[in-house]
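Me: I'm new to this one, so please walk me through it. Start with whatever I need to know to read the picture.

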Amino acid sequence: MALRSIWNGTIAFAGVFVPIKVHSATEDKTVHFHEVHQDDGARIEHKRICPKEDKEVPYKEVVKGYEVSEGKYAVLEKEELDAAAGAQSRLIEIEEFVCADDIDPVFFDKTYYLGSQDTGKDAYRLLHDALDKAGRAGIGRWVFHNREYLVALRAIDDVLALNTMRFHDELVSVKDLELSTPSRKPSSRELEMAGQLVESLQADFKPEQYEDTYRERLLEYIDAKAKGKVSSLPKRDEATDPGDLMAALEASISAGS
Amino acid sequence: MPRALWSGSLSFGLVNVPVQLVSAVRDLDLHFHQLHEKDKVPIEMQRWCSEEDKEVPYEAITRSYELDSGKEVIVTDEDLEAVEPRKTRTIDIEQFVEVEDIDPIYFDHPYWLVPAGDDEGATRAYRLLLGVMEQSDRAALGRFVMRAKEHLAIVRARDGALSLTTMRFHDEVRATKDVASASGKSTKPAKEELDAAVDLIEALGADWDPDKHDDQYRKRLQKVVNKKRKGQKVEAPEQRDEPDAVPDLMAALEQSLKDARKKAKA
């Protein structure tokens, strides 16, 4: 199945240009609902109402306002918002290449796959293979939907992928947390036992092992309801407090072996 | 510290670590209101029934799910409760995996886990799990329920605390094989081309330093807002042209490499 492209443009670094198209790499499968009126099951519509005139406002009469003080707004025109987006361009400019493994995953926001264009296939392949060989990710800027993103360009499998990135000040640092510490550190015996427990639960990461069971249950339930038969579902137990750490560790290990 | 979004316990084997979940990201975006152009009054969103053409109070609203057939099924709060996973207060660790084996494409929203309270038992159990994960360089995979939805999550040691990230499920990540990747014999780069490209990448190599990349968009938007506040005019930038694909890739690489080396020397 061919993927729909959401943007077309060119990767640029140091005088090298690679034409690409952008595809979403992920799709949200959360079950979404429509709002309906309880009385008649009819769809709910959201209407924009001007409270002063108490009447509906057509979309073309809506402007964006920034609240500068309580109840006071500065109106921003479309051209002014465009000014903030940065120079509109069809270029993704790569400024530098960093070790791909040095970027903690918390920085990665959304992932996109880059497809090659009919022209510049050689350049696409070369950039992919070189990134893969160097183990590096390109860091650059991308203007998409009127907003500039920090992006990381890297090789995944056989394709180039682009990640939009969170900015450093958007991340909550460990220094912002209140981490209470115990008066006594875990003993080496406890650490050793916990290590054994970790080892006993060791496995390779196989994403297809994990199904969204909640989504499955919800869709099954809806299906059953549509057919007029709804079944009840079993309950599960709650966990208890930590209690005796050492005893719990020992019990867990003997239960596992 | 950010507000706790969830509290419960992290459980592995028979060990339970009481924890609280806080977001690891903060929203710094500038937010705008929709205004009516004529009178600059903030727009109100009202819910109207499409059949009766009248406003519907929030309590009189329920939800429906549209089946593939187009048929709609009403789903009430009670229906959602019936499927809601029961185990709502535990993060159940099922396995320990290598962090490097998980491509970041699976990572969704990052959170921090902090010990719930300063109780000795809770904080020691927290330190123990943190210590053993730091030692083994492994991450814990588990499931937990937040806002009535079950999430797959990865818990790992990061900067001396436990970090939790919700994960995308495998069927939410698209296969790379559907992407045009120009792979094949005819496009396979020659060794000298690949070496030159790797050299160029290395010449443009830098350490990953997140602090040096600021959100220019947010800064510019803030400037625009500040100017507006003072009643100044804001001008839009010009459009730029798109370059053509480079016909002679090798020549471009060599030139770029020369330039990059010159720059590095200077």
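Reply: Two strands count as paired if DSSP finds at least two bridges between them. Strands (E, at least two residues) and helices (H or I, at least four) are DSSP runs, numbered from the N terminus. This is a predicted model, where local features need pLDDT of at least 70 and side-chain atom pairs count only at pLDDT 80 or more, while totals for chains, interfaces and linings use all residues. Residues are numbered from 1 along each chain as its sequence is written, and chains are lettered from A, with ligands numbered from 1, in the order in which they are written.

Me: Got it. How many bridges join strand 6 of chain A to strand 7 of chain A?

Reply: There are 5, and the two strands run antiparallel. One facing pair is A:Glu67 and A:Tyr73. The strands make a hairpin with 2 residues between them, and A:Gly71 in the turn has a positive phi of about 80 degrees.

Me: And how many bridges join strand 6 of chain B to strand 7 of chain B?

Reply: Those antiparallel strands, residues 61–66 and 72–75, are joined by 4 bridges. B:Ser64 is opposite B:Ile74 there. This hairpin has 5 residues between its strands, with B:Gly70 at a positive phi near 95 degrees.

Me: Back to chain A's strand 6. Which strand of chain B does strand 6 of chain A pair with?

Reply: With strand 3 of chain B (residues 33–36), antiparallel, over 4 bridges. A:Lys64 faces B:Gln34, and A:Val63 has B:Leu35 as its bridge partner. An open, antiparallel sheet of 4 strands comes out in the order 7(A)-6(A)-3(B)-4(B).

Me: Which are the edge strands?

Reply: Strand 7 of chain A and strand 4 (41–42) of chain B, each pairing on one side only. Helix 4 of chain B (residues 216–229) packs on this sheet, touching strand 6 and strand 7 of chain A. Its direction makes about 115 degrees with that of strand 7 of chain A. Such angles run from 0 to 180 degrees between N-to-C directions, with axes as lines fitted to C-alpha atoms, for helices over the stretch in contact.

Me: New topic: in what order do the strands of the closed barrel run?

Reply: It is a barrel of 7 strands in chain A, running 1-2-9-12-11-10-8 with mixed pairing. The twist averages 40 degrees from one strand to the next. Strand 1 (residues 7–13) and strand 2 (residues 16–24) of chain A pair antiparallel over 7 bridges, with A:Thr10 opposite A:Pro19.

Me: Which residues touch the most other members of the largest nonpolar core?

Reply: A:Leu127, B:Leu113 and B:Leu129, in a core of 103 residues. A nonpolar core is a set of buried Ala, Val, Leu, Ile, Met, Phe, Trp, Tyr and Cys residues joined through C-beta atoms within 7 Å. Buried is 20 or more other C-beta atoms within 10 Å of a residue's own, exposed is 12 or fewer, and partly exposed is in between, with C-beta atoms placed from the backbone.

Me: What is A:Leu127 in contact with?

Reply: Leaving aside neighbours within four places in sequence, A:Leu127 contacts A:Ile11, A:Val18, A:Leu160 and B:Ala197.

Me: One more: why does B:Glu150 count as partly exposed?

Reply: Because B:Glu150 has 19 C-beta neighbours inside 10 Å. B:Glu150 sits in strand 11 of chain B (residues 149–158). Beyond four places in sequence, B:Glu150 is in contact with A:Thr213, A:Tyr214, B:Pro85, B:Arg143 and B:Val145.

Terms used. Contact = placed C-beta atoms within 7 Å.
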